[in-house]
Amino acid sequence: MCGIWALFGSDECLSVQCLSAMKIAHRGPDAFRFENVNGFTNCCFGFHRLAVVDQLYGMQPIRVKKFPYLWLCYNGEIYNFKQLQKQFGFEYQTLVDGEVILHLYNRGGIEQTASMLDGVFAFILLDTANRKVFLARDTYGVRPLFKVLTDDGFLGVCSEAKGLINLKHSASLCPKVEPFLPGHYEVLDLKPSGKVASVELVKFHSYKDEPLHVACDTVETLPSGSFDLETVKSNIRILFENAVRKRLMAHRRIGCLLSGGLDSSLVAAVLLKLMKDININYPLQTFAIGMENSPDLLAARKVAAHIGSEHHEVIFNSEEGIQAIEEVIFSLETYDITTIRASIGMYLVSKYIRKKTDSVVIFSGEGSDELTQGYIYFHKAPSPEEAAEESERLLKELYLFDVLRADRTTAAHGLELRVPFLDHRFTSYYLSLPAELRIPKNGIEKYLLRQSFEDSNLLPKEILWRPKEAFSDGIASVKKSWFSILQDYIDQQVDDLLLEKAAEKYPFNPPKTKESYYYRQIFEKHYSGRSNWLPHYWMPRWVKATDPSARTLKHYKSSTQE
């Protein structure tokens, strides 16, 4: 995890513009570099480093003797860089996994480069010999990327939007900053003036397609075309374990978020097992957050005791949560209701990890609910086919919601997040299964995933079959949900008259509740006029819901025994 920033064709003094690069300093607390591009005085790169691999030669932009005309700034981890080196005979100059991007590009161009990377990434690649700039982002947008491109060819690129919104440019008072689409790369021509012109935007990978890099994966070829239940369950276990294994690549201490729900518990259990297998000589630290005696804290305690992790509990009260709202919204760059609610706990636990421990590489369970149909409202799906379509829609929009939350809340405290449920090969296999296999069964969501690990003894049975608890609800007590606590506080902060006139003040995605109005006010304070970053609020489907919380749905039954 790090922060990348680049400008091409700036009309303003770069020493002034580079102040914007400091807005993402939290993403790389270990080192900073600002470098001009030879021959293009108005083009530059900025880089904030979190040193996870190659402590000596890991600074960016990456340049190697073999390709003096290539400049690379990237944020992410490429898990198959050693396999690609072996397959194509690449000669690396550093231990940095991202160096493979330069070699792949030199060998086969940008299309092959983006398609062959197994990992999470956002990168800016400059080829001064051919006068091209390339931008690319991983399939699910696990690593963030924003860009601004003006009519006269000024390009700004950054890991977070906050590093672009205050850029100075003579031709535009308020350039349009927008997220770069996941699973795409863009080709731009670099003019002698340093300005650019977009040539094409290409979708290089769809999450349903088996990725090209499977050809050099470490896992053997799986039985294909067979949907025999035992074969399917075995394949799910093999691919999930492989997804966790490849993400062990780190020179810094590994930890794991643990809510006590199915997803984070599976990640933690498999992670600890694999760490033992490769003789990592420190205990796995697991981290749970919640209010006193919340369901998540109690469940996480059971899991930690079962797997034998060094467990940390972060207990917060409603005042601490409420006080964090504004800094959370500033970090997130969104006003989505459920994203903000769920982010407060994740932000506070990340803050604790940074201050109180030496864990830096943090595993988490994001992506499972979207992939394996874990949300409560999937019980109401009209058909398996519609449930499958909804799952795909959620995956496509992850970069706007859960993946955004997971990245910003951890990156705000200089941590690197790893999400094995969004492994390319694992997700493409799961999505290839018949729709009727993936739906909730017997009133239990994620039935197939639970079934696949039933005989593994990785988790206690009551955790493996624990019903879905939304993270923003599970961190509070059973008697009063976190969303109810927030609403009670905000009810006193927003006048009824303000809410009545909300649609006039905020015509795009107008707030319908005092809570959403309160969040929108804070968002507009920091990112005025940028409401289009969120195309729509996250809400459940197939139910008449007025609130995104799982606890408002009829299917949900809270129980102190969960």
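## Annotated positions

With a relative accessibility of 4%, S364 counts as buried, a class that means under 20% relative accessible area, while exposed means over 50% and partly exposed lies in between (1.4 Å probe, protein chains only). The structure is a predicted model, in which local features need pLDDT of at least 70 and side-chain atom pairs count only at pLDDT 80 or more, whereas totals for chains, interfaces and linings use all residues. Residues are numbered from 1 along each chain as its sequence is written, and side-chain values use heavy atoms, with hydrogens and water left out.

S364 is placed in the loop between β16 (359-363) and α10 (368-371), where helices (H or I, at least four residues) and strands (E, at least two) are DSSP runs numbered from the N terminus. The C-alpha atom of S364 is separated by 8.1 Å from that of A268, although the two residues are 96 residues apart along the chain. In an unreviewed entry, UniProt places the feature "binding site" at S364, together with L257, I289 and G365; UniProt positions are given in the numbering used here, feature names are shortened, and annotations may be inferred rather than shown by experiment. Of these residues, L257 lies in strand β13 and is buried, with a relative accessible area of 9%.

UniProt also lists D97 for "binding site", again in an unreviewed entry. D97 belongs to the loop between α2 (81-88) and α3 (99-116), and because its relative accessibility is 2%, D97 counts as buried.

## Salt bridges

A salt bridge is taken here as a side-chain nitrogen of Lys or Arg within 4 Å of a carboxyl oxygen of Asp or Glu, and by this rule the count comes to 42 salt bridges. One of them joins the side chains of R245 and E241, with an N to O distance of 3.1 Å. Both R245 and E241 lie in helix α4 (residues 229-246), where they are 4 residues apart, about one turn of the helix. R245 counts as partly exposed at 38% relative accessibility, and E241 is likewise partly exposed, with a relative accessible area of 23%.

R247 forms a salt bridge with D423, and the closest N and O atoms of this pair are 3.0 Å apart. Because R247 lies in the loop between α4 and β13 (253-257) and D423 in the loop between β17 (416-418) and α13 (424-432), the pair ties together parts that are 176 residues apart in sequence. Both R247 and D423 are buried.

In another pair, the side chains of R301 and E313 meet in a salt bridge at 2.6 Å, N to O. R301 lies in helix α6 (residues 295-307) and E313 in strand β15 (residues 310-315), so this pair ties together parts that are 12 residues apart in sequence. R301 is partly exposed, with a relative accessible area of 38%, and E313 counts as partly exposed at 28% relative accessibility. Salt bridges that share partners also join R27, E160, K162, E333, D407 and R408 into one network.

## Negative surface patch

E385, E386, E389 and E436 form a negative surface patch. Patches are made of residues with over 30% relative accessible area and no salt bridge, like charges being joined within 9 Å and nonpolar side chains (Val, Leu, Ile, Met, Phe, Trp, Tyr) within 5 Å. Lys and Arg count as positive and Asp and Glu as negative, while His and the chain ends are not counted; the place of a charge is taken as NZ of Lys, CZ of Arg, CG of Asp or CD of Glu. Accessible areas come from the Shrake-Rupley method with a 1.4 Å probe, and for residues only the protein chains shown count as cover.

Helix α11 (residues 384-396) gives the most to the negative patch, with 3 residues. E389 has its place in helix α11 and, at 54% relative accessibility, counts as exposed.

## Backbone with positive phi

Most residues other than glycine have a negative phi. Q373, a residue other than glycine, has a positive phi near 60°; it is placed in the loop between α10 and α11 and counts as buried, at 0% relative accessibility. N442 is not a glycine either, yet has a positive phi of about 55°. N442 lies in the loop between α14 (435-438) and α15 (447-452) and is exposed, with a relative accessible area of 65%.
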